[in-house]
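Here's a quick look at one model, taking its sheet and a helix pair in turn. Have the fold open while you read.

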Amino acid sequence: MKIIITGTNGFVGSHLISFFSIMDIDFIIISSQNKIVKDFSYDAFFNDEICCDNVIAFIHLAGAAHQNFTDKEAKELNFDLTKKIIDKCVDYKIPKFIFLSTVNVYKGYQCVINLSSQISKGLRNTASTKLLAENYIRLKSSEGLIESVIIRSPLVYGEGVKANFSNLFNFIGKCYPLPFGLIVNNKQSLISVYNLVDLIYVCVVNPKSKNQIFLVSDDDDLSTTKMVRLIAKVQGVKPWLLPVPVWLLKLTGKLTGKSNMISRLTDSF
């Protein structure tokens, strides 16, 4: 079998191709950066320059997520590119399309979410454009043109993690004081990149994944305080956690315009 993958220069993608290499699975990388010999450009894919015989799945990991993107950039990366790719997959008769989305399509920070939870109309541009892409993917699969799998992932961690989790990891490792000592009653869902990669593989080979949406996690939800202590333990340091009341953190968030950031630390999701 052969699999096409985008986003392999990213955190999840780099782990996925390592996993596939160990499993001796043949894969084709589609990239805008062409860093290694096995890469093909998007133009090569769109212009029929890649042999797609025996391709059983297209795994689309590329997109706008953690960085600050303009509305135009987010739409181009998350929706326009995805639409163009899945349309081409239909032309190539690739049977399955797997799309990595985000749990941030849900409104706010609710205590518990499931597939019937409310989807927000006021999302940040990276989440709203992921949702646009999801809707188009589901339209194509509902027409019977291609099987689809949508994975809505929470925060992903593991070796080489970047973005906010990396910053937190560095702060803890340097033993900076952090005001998280009393955030003990919330629950945050996380997923190890190794579990996420394994799930993606299962979605490729298991026919029961057909046209499904999955919410994923390690099934081991953590409070912010417990998460910080575990990160410190991994690094062999003792965390410096200040006992700042949660209400004071929330008030500080309102006064500084950082309420969303504080909510991510103090609320359950």
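Two strands pair if DSSP finds at least two bridges between them. Strands (E, at least two residues) and helices (H or I, at least four residues) are DSSP runs, numbered from the N terminus. This is a predicted model, where local features need pLDDT of at least 70, side-chain atom pairs count only at pLDDT 80 or more, and totals for chains, interfaces and linings use all residues. Residues are numbered from 1 along each chain as its sequence is written, and side-chain values use heavy atoms, leaving out hydrogens and water.

Let's start with the sheet. Seven strands form an open sheet with parallel pairing, in the order β3-β2-β1-β4-β5-β6-β9. β3 (39–40) and β9 (212–215) sit at the edges with a single partner strand each, so one side of each has no neighbour in the sheet. β6 (residues 147–153) runs parallel to β9, joined by four bridges; Val149 has Gln212 in β9 as its bridge partner.

Ser148 also belongs to β6. Leaving aside residues up to four places away in sequence, Ser148 touches (heavy atoms within 4.5 Å) Phe97, Ile137, Ser141, Ser209, Lys210, Asn211 and Gln212.

| α3 | 71–92 | including Ala74, Phe79 and Ile86 |
| α4 | 125–142 | including Leu132, Tyr136 and Ile137 |

α3 and α4 pack at about 15°, with axes 8 Å apart, and are therefore roughly parallel (angles under 35 degrees).

Terms used
Axes are lines fitted to C-alpha atoms, for helices over the stretch in contact, and angles run from 0 to 180 degrees between N-to-C directions. Angles under 35 degrees count as roughly parallel, over 145 as roughly antiparallel, 65 to 115 as roughly perpendicular and the rest as oblique.
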